[in-house]
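Me: I would like to learn how to read the features of a structural model with care. Could we go through them one after another?

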Amino acid sequence: MTTVFLSGSRRLSRTNELIQEWIKNIVDQGYRIIVGDANGADKALQKFLAEIHYPQVVVFCSGQNCRNNIGHWETRQITVDTHLKGREFYTQKDKAMAAEADYGFVLWDGKSAGSISNVFELLKRNKKAVVYFAPEKRFFTVSSLNDANMLLEKCDIEAFDSIKKKIKLASVSSEVQKSAQASLF
C-alpha cells in the first residue's frame, strides 16, 4: 500500500480548501498516511483527517508520548537518544517517516527549516514531495535537488541563511546528489 508522509511548518495551523482537496485526493486513493504529532501543520492535518473520519493514519512520535493524536489513531513511538534536545530530538521521527513513506506532502511557510529538511530527507531516498508553498498558495513537485533549490530561492535572504545553517544545506545537498547518482546504476 502506498504511504504518504504528511508534514509541515508549525506556523501553519490551519488547512485551506486547496490543501483539503489535495488531502482528499490522497484519501480517495486509499493511501496510508503517516503524520507527526507537532502543533501547527501536523495538528491541522490531523484535525482535517479526523473530521473526514479517515482511518488509515499512523501518528509518529519521538520518545514516549505523543503531543497530538486527534483521531486516536495507531501511534508509532520512535526511540530517540534522551540526550538529544529540540530539533535534533524530533528530526529522528521525521527521518523514520521519510524512510517509511513512498512520497511526501509538505506544507511549508518558506521559513521552517524542519519542513524543508523533510523534503531533503525524502530526496536522499530518491522519493519526491509535493510542497504547498504557503506564501504563494501554490503546489510544487520536488523530485530533484534542482527542484528543491528553486523552491529555496523563493525564501527571503534571512530565512534562507537560517535554513542553510540549521540543516547544513551544503552537506544535505551533497547527500542528495550522491543518492541520485547511485540510483542511476
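Me: What should I keep in mind about the origin of the model?

Reply: This is a predicted model, in which local features need pLDDT of at least 70 and side-chain atom pairs count only at pLDDT 80 or more, while totals for chains, interfaces and linings use all residues. Residues are numbered from 1 along each chain as its sequence is written, and side-chain values use heavy atoms, with hydrogens and water left out.

Me: Which residues does isoleucine 116 touch, not counting residues up to four places away in sequence?

Reply: Contact means heavy atoms within 4.5 Å. By that criterion isoleucine 116 touches Trp108, Leu151, Leu152, Ile163 and Ile167, once residues up to four places away in sequence are not counted.

Me: Is alanine 148 buried or exposed, and where is its place?

Reply: Alanine 148 lies in helix α5 (residues 145-152), and it counts as buried because its relative accessibility is 0%. Leaving aside neighbours within four places in sequence, alanine 148 is in contact with Phe120, Leu123 and Val142. For one of these residues, leucine 123, the C-alpha atom is separated from that of alanine 148 by 9.0 Å, although the two residues are 25 apart along the chain.

Me: How many salt bridges does a search of the whole structure find?

Reply: A salt bridge is a side-chain nitrogen of Lys or Arg within 4 Å of a carboxyl oxygen of Asp or Glu, and a search of the whole structure finds 12 of them. In one of these pairs, glutamate 51 meets lysine 47 with the closest N and O atoms 3.9 Å apart; both residues lie in helix α2 (residues 41-51), 4 residues apart, about one turn of the helix. Glutamate 51 counts as partly exposed because its relative accessibility is 45%, and lysine 47 counts as partly exposed at 48%. In another salt bridge, lysine 93 and aspartate 94 have their closest N and O atoms 3.0 Å apart, and both of these residues are buried. Beyond such pairs, Glu121, Lys124, Arg125 and Glu175 are linked in a network of salt bridges.

Me: What is the phi of histidine 53, and where is histidine 53 found?

Reply: Phi of histidine 53 is near 60 degrees, which is a positive value in a residue other than glycine. Histidine 53 is found in the loop between α2 and β3 (57-62), and it is exposed, with a relative accessible area of 67%. Asparagine 126 likewise has phi near 60 degrees, again a positive value in a residue other than glycine; it is found in the loop between α4 and β6 (129-133), and is partly exposed, with a relative accessible area of 45%.

How values were computed:
Helix = DSSP H or I, 4+ residues; strand = E, 2+ residues; numbered from the N terminus. Buried < 20%, exposed > 50% of the residue type's maximum accessible area, 1.4 Å probe, protein only.
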